[in-house]
Amino acid sequence: MNYKNITVAGSGVLGSQIAYQTAFKGFDVVVYDINDEALKRAKDRIMNLKPRYQEDLGASEEEVNTAYNRISFSSDLSKAVVNADLVIEAIPEVVQIKTNFYKELGEVAPKKTTFVTNSSTLLPSQFAEATGRPEKFLALHFANEIWKNNTAEVMKHSGTDMTVFDEVIEFAKAIGMVALPLHKEQPGYILNSLLVPLLEAAQMLLLKEVADPETIDKTWMIATGSPKGPFAILDVVGINTAYNIAHGKAQAGDPTFEKLAELLKTEYIDKGKLGTETGEGFYTYPNPNYMKQDFLKSE
Ligand code: NAD
């Protein structure tokens, strides 16, 4: 493994998880964020991950503490990357913020350093030039709660060096991820390229009043053997996110998505049904109907 010292830039929801998981697997990690206040929040977030690792992974007290102690914190970008073999960027999903960040990073980071972006919706080619080292830049995309949902989509752009691509795949494996290589740029990577159309198709069946959510989920679950149908998945994703996607497409001029956005807003969001996070969405929790024993049985 060529990478030893890892810097995680941006220590929000995903950045703090990436930093802790990387430290937990034995790497030295520097967490970089814009100021001391943000770093204080990062420390709290990371501290809160310790019991999750103990409960979900059976990690010992010593292991979770040792992992924490491998992390240092800095709000000075030059200092944060001075020894970095790899910088993992997890800053806000805003083109201008990321572009400015990469310009600065490209200037202060050592020549050897590889940069990866955890961006969910933006493509590495959008920032390749700003990095000043397009051949050492690509995407490494994690899922929320990475210690359990351990997928790492590794996606190159056309200018990424193949050796660097392979090194990042090795790194992803070394921190306990299932590495999923994408040889070409693809908006939404593999998962969302599959999931978004499925979830939209399900919502359109509901909008057209073809069938109710439970019938649609039941069909999918029985026919494919999946543990969840699209509406159960939507509850986990959150109805707000589904609304934002529909609203975006409505604004781009699609009248069907305008109707869908309206339905999600009036029937779910306005009633506080945001999905699992509020205990109700298309199902009610903690014991949603789709998990009940007789859900998939014929009378
Ligand atoms: P977040 O808002 O929780 O955290 C962003 C962090 O970046 C904050 O700590 C903020 O202080 C910091 N920040 C802001 N400007 C910065 C700058 N110029 N330099 C350094 N740090 C800066 O965001 P998040 O949900 O962790 O998402 C971060 C990235 O990860 C996004 O690109 C997002 O698409 C991606 N992502 C998020 C999820 C998710 O479920 N939240 C999943 C996969 C990928």
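## Ligand contacts

In this predicted model, an N or O atom in the side chain of Asn118 is 2.9 Å from an oxygen atom of the ligand. The side chain of Glu93 places an N or O atom 2.5 Å from a ligand oxygen, and a polar side-chain atom of Lys98 lies 2.8 Å from an oxygen atom of the ligand. A polar contact is a pair of N or O atoms within 3.5 Å. The ligand exposes 830 Å² when taken alone, and the protein buries 76% of that area (Shrake-Rupley method, 1.4 Å probe).

Helix α1 (13–24), helix α5 (95–108) and strand β6 (137–142) are the elements that give two or more residues to the shell around the ligand. Helices (H or I, at least four residues) and strands (E, at least two) are DSSP runs, numbered from the N terminus. There are 21 residues around the ligand, and Val13, Leu14, Asp33, Glu93 and Lys98 come nearest (a residue counts if one of its heavy atoms lies within 4 Å). The shell divides into 10 nonpolar, 8 polar and 3 charged residues; Asp, Glu, Lys and Arg count as charged, Ala, Val, Leu, Ile, Met, Phe, Trp, Tyr, Cys and Pro as nonpolar, and the others, Gly among them, as polar.

## The sheet

The model has an open sheet of 8 strands with mixed pairing, in the order β3-β2-β1-β4-β5-β6-β7-β8; two strands pair if DSSP finds at least two bridges between them. At the edges stand β3 (71–74) and β8 (178–182), each with a single partner strand, so one side of each has no neighbour in the sheet. On average, neighbouring strands are turned by 25° against each other, direction ignored (axes are lines fitted to C-alpha atoms, for helices over the stretch in contact, and angles run from 0 to 180 degrees between N-to-C directions).

Strands β1 (residues 5–9) and β4 (residues 86–89) run parallel and are joined by 4 bridges. Ile6 has Leu86 as its bridge partner in β4. Helix α5 packs on the sheet and touches β1, β2 (28–32), β4, β5 (114–117) and β6, where contact means heavy atoms within 4.5 Å. The direction of α5 makes about 170° with that of β5.

## Backbone details

The peptide bond from Tyr285 to Pro286 is cis, with omega near 20°. Pro286 belongs to the segment after α12 (255–267). Tyr189 is not a glycine, yet has a positive phi of about 55°; Tyr189 sits in the loop between β8 and α8 (191–207).

## Basis of the values

Residues are numbered from 1 along each chain as its sequence is written, and side-chain values use heavy atoms, leaving out hydrogens and water. Local features need pLDDT of at least 70 and side-chain atom pairs count only at pLDDT 80 or more, while totals for chains, interfaces and linings use all residues.

Terms used: A polar contact is a pair of N or O atoms within 3.5 Å; within protein, one must be able to donate a hydrogen and the other to accept it, and residues adjacent in sequence count only if both atoms are side-chain atoms.
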